[in-house]
Amino acid sequence: MGLPEFVETPVEDIELIREELGRSFKQGRSKTLEFRKHQLLSLGYMIQDNIEAFQEALKLGIGRGALETNILELSGALAEIKTCYDYVESWMQDDKIPFHPNWFAMRPRARKEPKGVVLIIVPFNVPIWLAFIPMAGAIAAGCSVVLKPSELTPHFAALVGELIPKYLDPTLYAVVNGGIPQVTRALELPWDHILYTGGARVARIVLAAAAKTLSPVSTELGGKSPCIIDSNCDLTTSARRLLWGKITNAGQVCTSPDYAIVERSFAPKFVEALIKTLNEFFPDGAAASDCFARLISPAHFQRVKGILDTTRGKVVYGGKTDESQKFIEPTIILDVKADDPTLADEIFGPLLPIVLVDSTDEAINFVNSRDHPLVVYVFSKSDEFKEKVYRNTSSGTLSSNETLLHALVYGVPFGGIGPSGSGAHTGKFGFDMFTYTRGQMDCPSWLDYLLKGRYPPHTVASTKLMGTLVFPKLPARPLPLSNSKALARFKKSSAWTTWLLIALAVAGVSAFQARQGGLFARVLDFIQARRA
């Protein structure tokens with residue numbers, strides 16, 4: 001099929017779209033299980049029926065091959081939709097509150113309610129995955145959805161704008177296309193939830209705008225995800241998997257390994273393995289390969305090229321660029337320092353800086369000196385090494401001996417922490433993002449026999465009764481561990497207490513024995529008297 005033409009949504013229509021979706025949501029149709037499953041299945045067939053069109057849209061937009069689009073986006077999106085379809089019935093059930101003797105008679109529950117009309121702002125880099133996976137979670141939750149695709153992928157945005165009203169209920173699901181004017185107008189409106197995926201600079205704008213309408217926001221912001229290499233790793237596999245994660249989509253993936261950290265003594269061997277792998281991936285060079293994408297726009301090309309031109313590290317592989325093709329060759333940059341341009345911001349391109357360290361502790365300290373990343377990657381055969389990194393770093397996800405694929409694994413949350421994002425989606429986590437928990441209870445009249453003391457006038461007896469009912473009994477007071485002097489006194493008193501208990505025990509045993517001895521003597525006297 002031919003791809004439709006990209007047409008921007010008139011700015012003045014955006015508020016009308018928001019109002020229509022709000023009215024439709026209030027009718028309650030999207031809340032039923034039957035409707036949710038119908039729309040989820042329709043979304044799945046929308047993708048399946050148009051796989052070639054989506055592949056073509058991404059080929060035109062970012063120069064990505066069909067196989068890469070299948071692995072990176074289409075397969076994962078369909079799998080996620082099917083997961084939501086299979087499990088939505090169980091996800092939407094009320095949560096039963098654990099039994100408590102004070103409250104069980106009120107039949108407390110936690111209802112799962114859809115938040116309402118939600119806005120999903122989609123980036124350019126993996127638009128299928130980052131549009132339809134969150135949308136599946138929102139549909140499963142019973143919400144109404146507005147998608148805002150990136151204007152940097154006009155072919156994809158136009159295709160989605162045409163397909164959504166054909167396959168889904170147009171009164172509950174809509175697409176807003178355009179650039180800064182459209183998204184600015186959308187952010188002036190109140191939303192029941194906003195999911196923004198993109199960079200930190202724009203995230204601050206989104207969060208500031210949402211604060212004015214008190215619209216809740218989740219963010220997925222990427223960041224500089226480090227890859228810590230242990231000398232005790234499967235060298236060949238590690239090089240292949242790290243580089244696959246780095247070059248996929250020309251490095252324009254929020255979970256792409258941003259830089260590697262390697263022990264100095266192991267670096268020559270590791271770099272040799274990387275170069276060998278790249279030569280195997282691209283025997284005629286990446287520029288001639290149909291397996292290597294291009295940067296999304298001239299501005300993005302210039303930004304990444306600027307990083308490459310100003311690095312003070314040593315380029316040991318690659319470095320070629322072609323502005324007319326928005327092409328930057330996969331490039332390995334050795335021995336970059338902490339203040340190097342390659343380590344300032346997320347690269348979002350096919351450059352791999354390598355930081356040299358002398359120990360695992362130095363590698364961990366380097367990671368911890370920077371913002372929390374979306375992912376911490378570790379390549380090692382040692383469980384002890386991996387656990388040390390896990391235990392001493394913070395990130396949205398931990399991934400060992402693999403890159404990128406964690407986002408496709410069923411049941412694993414996808415999200416960041418702090419500067420790399422807030423909230424998580426995929427699977428039930430996506431359902432939960434667009435759901436709010438609504439408490440419920442139903443108190444029978446007969447409970448006033450116990451609770452009547454709350455009503456005025458209050459008396460000593462009623463106050464005592466209510467105190468007995470509502471005040472919990474705390475466990476034993478904790479030991480004063482934060483006060484060393486008090487702890488020392490406690491230990492000293494504990495020693496005296498121990499000796500006192502021992503003394504009392506000895507006295508008790510002695511008394512028992514004495515008593516038993518006297519009793520035994522009386523028994524003997526009695527027996528002898530009977531014999532006489």
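The following is a conversation about how terms are applied to one predicted model.

Guide: In this predicted model, local features need pLDDT of at least 70, side-chain atom pairs count only at pLDDT 80 or more, and totals for chains, interfaces and linings use all residues. Residues are numbered from 1 along each chain as its sequence is written, and side-chain values use heavy atoms, with hydrogens and water left out.

Visitor: What makes Glu-73 and Arg-64 a salt bridge?

Guide: A salt bridge is a side-chain nitrogen of Lys or Arg within 4 Å of a carboxyl oxygen of Asp or Glu. The side chains of Glu-73 and Arg-64 meet at 2.5 Å, N to O, so the pair counts. The structure holds 23 salt bridges.

Visitor: Why is Glu-73 called buried?

Guide: Buried means under 20% relative accessible area, exposed means over 50%, and partly exposed lies in between (1.4 Å probe, protein chains only). Glu-73 has 0%, so it is buried. Arg-64 also has a relative accessible area of 0% and is therefore buried.

Visitor: How do you know that Asp-361 is partly exposed?

Guide: Its relative accessible area is 41%, which lies between 20% and 50%, so Asp-361 is partly exposed. The side chain of Asp-361 meets that of Lys-388 in a salt bridge of 2.8 Å, N to O. This pair links distant parts of the chain, 27 residues apart, with Asp-361 in helix H12 and Lys-388 in helix H13. Helices (H or I, at least four residues) and strands (E, at least two) are DSSP runs, numbered from the N terminus. Lys-388, at 28%, is partly exposed as well.

Visitor: Why are Asp-432 and Lys-428 separated by about one helical turn?

Guide: Because they are four residues apart in helix H14 (residues 427–433).

Visitor: Why is Ala-288 called exposed?

Guide: Its relative accessibility is 60%, and exposed means over 50%, so Ala-288 counts as exposed. Ala-288 is found in the loop between helix H10 and helix H11.

Visitor: What makes E3 and E4 paired strands?

Guide: Two strands pair if DSSP finds at least two bridges between them. Five bridges join strand E3 (residues 117–121) to E4, so they pair, and they run parallel. The chain crosses from E3 through helix H5 to E4 in a right-handed β-α-β crossover. The term right-handed applies if, with the strands pointing away from the viewer, the path from the first strand over the helix to the second runs clockwise.

Visitor: What makes strand E4 mostly covered?

Guide: Five of its five residues are buried. Ser-144, Val-146 and Lys-148 lie on one side of E4, and Val-145 and Leu-147 on the other.

Visitor: Why do E1 and E20 stand at the edges?

Guide: The open sheet has the order E1-E2-E20, with antiparallel pairing. Strands E1 and E20 each have a single partner strand, so one side of each is left without a neighbour in the sheet.
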